[in-house]
Amino acid sequence: MKARFTPRLIPAALIGLWAGTAGASGFQLLEQNASGLGNAYAGSAAVADNASTVFYNPAGMTQLEGRNISAGVAVIQPSYKFSNGASNAAPGLTTAGNGGDAGALGAVPNGYFSMALTKDLYLGLGIGAPFGLKTEYDSPWIGAAQSVKFDVKTVNVNPSIAYKVNDKVSVGFGLDWQKLDAEYKRLVGVSAGTSHVTSTMNLNDDAWGWNAGVLFNISPTTKVGLSYRSQVKYKATGNVSLASDGSAAGNFTMTLLPAGSASDVRADINLPDTFIVSATQKLDDQWEMLGDLSWTGWSSIPYIDIVRTSGAQNGILAQTLDTKFRDTWRIALGANYKLRSDLKLKFGVAYDQTPVKGEDSRLVSLPDNNRFWFSLGAQWLPMKGSTLDVGASYLYIKDTSIHNSQVSFGRGLVDGTYSGSIWILGAQYSMNF
């Protein structure tokens with residue numbers, strides 16, 4: 001069995017059935033369509049050639065005629081391996097074990113619909129998940145006191161409206177209902193230092209956000225798009241429990257309960273806002289260039305306080321996830337080449353900055369680092385009104401150092417290096433009718 005580093009996107013109708021892995025830094029999921037994968041998502045807020053524009057820029061619906069549907073999936077294979085340096089396991093836990101090799105295969109699906117009510121007014125609906133994460137380590141794992149499993153799932157339902165102001169300018173707006181489910185497991189030692197118990201925390205909530213965009217048709221060959229998605233602010237509630245396979249030592253912050261018991265908890269989590277500036281430029285009948293500059297406000301998560309809300313420990317801080325996240329930038333460049341009237345080839349590269357500031361704030365549940373995208377794809381028109389997009393990306397991730405000391409909380413020191421990479425394959429079918 002392998003350790004898994006698997007962010008998830010799970011549509012509302014299929015919660016618990018499909019799992020996926022994000023390629024973006026942090027735990028952001030860019031894979032909201034497969035048609036942009038071949039361009040490394042360059043031009044995402046300006047392309048508007050199928051209904052997935054509902055997510056990237058709702059104003060782009062004005063570029064579509066009649067009714068449109070789009071559905072796709074990205075299959076993602078990550079690999080993350082930890083090499084130990086000078087780690088010290090928490091008392092009562094094994095002093096050896098690298099936790100296995102990351103790399104569970106995942107699938108990230110998406111679905112969209114748009115329609116023209118009049119020649120100037122458009123409605124749309126998208127279902128997806130902008131954020132998700134899963135890390136899971138095999139035993140033995142020297143960092144098990146910090147995390148064994150961290151699983152975050154979101155589902156986002158996004159009704160949208162767009163209006164064509166004139167032939168040059170379109171605007172769009174959407175509401176986002178988003179649901180969050182999180183599970184966090186780690187091991188805690190017992191008195192006498194000979195055994196351990198499993199601490200399991202579950203949190204969930206739903207909240208509202210919004211998104212908006214504007215699209216400028218500068219000329220018949222040039223488009224510029226601006227898109228913004230708001231923060232989504234959760235007041236998540238749930239519980240933390242200890243497995244009944246031992247009695248917890250008192251020096252562990254998360255284990256102020258007898259083994260086998262549970263306590264209610266809460267945590268405020270503000271998922272970040274994003275802003276995108278995109279452009280597309282046709283050079284001639286065959287070549288088109290695409291560009292993207294995006295910003296993500298990851299500093300909305302400087303830390304996550306988990307607080308008990310029941311029992312004798314009501315109001316007591318159970319644990320803090322000290323993320324120290326910073327805001328990040330991503331830049332992408334792409335090109336399309338029209339090989340023939342029904343076939344277009346796609347190319348793209350991107351640089352994606354991590355929100356993690358340094359090795360001392362890097363969590364074992366998110367061993368993230370800066371990454372480079374190298375992408376290829378193709379678009380085929382098998383018949384009038386139908387489009388099939390396929391794409392592939394290889395993500396090179398710089399070797400990632402970690403020196404996370406939680407010794408004062410009884411959770412040991414994890415010191416070493418992660419090496420990793422990600423492969424993404426995607427396909428999407430779009431139809432106009």
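A charge is said to sit over a ring if CZ of Arg is within 6 Å of the ring centre and within 35 degrees of the ring normal. In this predicted model, Arg330 lies over the face of Trp373, at 4.6 Å from the ring centre.

Several strands pair with one another. Strand β17 covers residues 328–340 and runs antiparallel to strand β14, residues 287–296, with 10 bridges joining the two. Between these strands, Met289 has Ala335 of β17 as its bridge partner. Strand β17 also runs antiparallel to strand β18, residues 343–352, again through 10 bridges. A hairpin of 2 residues connects β17 to β18, and Tyr337 stands opposite Leu345 in β18.

The whole structure holds 17 aromatic pairs. One of them is Phe82 with Tyr418, a tilted pair at 5.1 Å centre to centre with 55 degrees between the planes. Phe82 belongs to strand β3 (residues 67–84) and Tyr418 to strand β21 (residues 413–432), so the pair ties together parts 336 residues apart in sequence. Ring pairs also link Phe27, Phe131, Trp298 and Phe325 into a cluster.

Arg371 is placed in strand β19, residues 371–383. Its C-alpha atom is separated by 9.6 Å from that of Ile422, 51 residues apart along the chain.

| Residue | Relative accessible area | Class |
|---|---|---|
| Phe82 | 5% | buried |
| Tyr418 | 2% | buried |
| Arg371 | 1% | buried |

How values were computed: Residues numbered from 1 in each chain as written. Predicted model: local features only at pLDDT ≥ 70, side-chain atom pairs only at ≥ 80, totals over all residues. Heavy atoms only, no water. Helix = DSSP H or I, 4+ residues; strand = E, 2+ residues; numbered from the N terminus. Buried < 20%, exposed > 50% of the residue type's maximum accessible area, 1.4 Å probe, protein only. Pairing = 2+ DSSP bridges. Phe/Tyr/Trp six-rings, centres within 6.5 Å; stacked < 30°, edge-to-face > 60°.
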